[in-house]
Amino acid sequence: MIVLGIETSCDDTSAALFDGNSLLSNIISTQLIHQRFGGVVPELASRSHIQLVFPVVREALDQAGILQNNIEGIAVTYGPGLVGSLLVGLSVAKGMALSMGIPFIGVNHLEGHLWANRLAYPDITPPFVALIASGGHTQLVFVEKWGLYRVLGRTRDDAAGEAFDKVAKLLNIGYPGGPPIEKLAQKGNPEYIHFPRAFLEENSLDFSFSGVKTAVLNHVKSIGPEETEKHLADIAASFQKAVIDVLVEKTITAARELGVYSICLSGGVAVNKALQENMKQKGSRENIKIYCPPPQLCTDNGGMIAAAGYYYLHNGVTSPLNLSPAPSLNF
Ligand code: KG4
Ligand code: ZN
């Protein structure tokens, strides 16, 4: 069975073809229009998806070298995400499925991030702990088996990637914030200033990143523009270290408490090499193996949606054609 996966939940228009074993193609078109606004503008995102979705599906078919009528099922993100953006992918998927007489399945975007690990590491089997850290989400999930998930903790305010984006904005170093902060941090001193780490209540696996963002803002205000410019790399490194410390500590604690020896990372923040290395270092002390998919599978992509959808379609699960977008969908 060949499944087409479509992802349009935020600012990436993506389509992929998956045959149950490997990805035949995974085309991702990132909307650059949002850069000048320093964040995703929902109306512009849905308009861009409308323009991009069919060319992206066409390119996915061409790259896989298959014809449209070889597709046997369609998987599409139906939430969480921006309602207008979700609507574009969902409408296209429904229209194609109806006209081609093939089943379609709505996929939870967060579950898609879990399946990104299966694509990168076909041998991986639950149980494992997954950290999903992106611009919209930061969650720790216990994957007991495929299809059976327990949320262990989630952010109470900003997502980790959102904190990177907001700090980059206040340092005026571009959007999205993760890549420029990671690059600057390589040249900076992570011990330059100790920004707060929000561990919250004892035993809590929830996150909070708005405090560290505010601490960076206050620091920058207190030292003024000249000192900020001089210590830009040190501020970036200290901020990044504060975020990573919390992500690593809570993720390793979750695995230890559950007695599992595999941790899977996913989401745009998981691209961060310092996060990956820190997690691997701390994990190895407790015999915990860390899985980090390549960047194109960590960030939003149609491949992960195709893989999740394949699993359900293969097991006979389909969605009704009146499935609506679910902007606040969770596990
Ligand atoms: O998964 P993603 O592409 O989209 C969603 O938000 O769902 O994640 C994008 C987020 C942005 O906030 C971006 O700043 C962050 O991931 N990001 C990074 C890095 N690359 C992207 N954060 C830290 N380090 C990076 N290298
Ligand atoms: Zn995502």
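Visitor: Are His-109 and His-113 buried or exposed, and what does the label take?

Guide: Both His-109 and His-113 are buried. Buried means under 20% relative accessible area, exposed means over 50%, and partly exposed lies in between, with a 1.4 Å probe and protein chains only. Keep in mind that this is a predicted model, where local features need pLDDT of at least 70, side-chain atom pairs count only at pLDDT 80 or more, and totals for chains, interfaces and linings use all residues. Residues are numbered from 1 along each chain as its sequence is written, chains are lettered from A and ligands numbered from 1 in the order in which they are written, and side-chain values use heavy atoms, without hydrogens and water.

Visitor: What separates His-109 and His-113 in helix H3?

Guide: About one helical turn, because they sit four residues apart in helix H3 (residues 109–120). Helices here are DSSP runs of H or I with at least four residues, strands are E runs of at least two, and both are numbered from the N terminus.

Visitor: Which residues coordinate the zinc ion (ligand 2)?

Guide: His-109 and His-113, each through NE2, and Asp-300 through OD, at 2.1 Å. A donor is an N, O or S atom within 2.8 Å of the metal (3.2 Å for Na, K and Ca), so 2.1 Å qualifies; water is not among the atoms, so sites may look incomplete. Along the sequence, the spacing of these donor residues reads H-x3-H-x186-D.

Visitor: Why is the site of the zinc ion (ligand 2) called irregular?

Guide: The angles among its four donor atoms run from 84 to 145°. Four donors count as tetrahedral if all angles lie between 85 and 135 degrees; four count as square planar and six as octahedral if opposite donors are over 155 degrees apart and all others between 65 and 115; anything else is irregular. With 84 to 145°, the site ends up as irregular.

Visitor: What makes Trp-115 and Tyr-311 a tilted aromatic pair?

Guide: By the rule, rings of Phe, Tyr and Trp (its six-membered ring) pair if their centres lie within 6.5 Å; planes under 30 degrees apart are stacked, over 60 edge-to-face, and the rest tilted. That gives nine aromatic pairs. Trp-115 and Tyr-311 have 5.0 Å centre to centre and 40° between the planes, hence tilted. This pair links helix H3 with helix H10 (residues 302–314), 196 residues apart.

Visitor: How do you know whether Trp-115 counts as buried or exposed?

Guide: Its relative accessibility is 5%, so Trp-115 counts as buried. Tyr-311, at 25%, is partly exposed.
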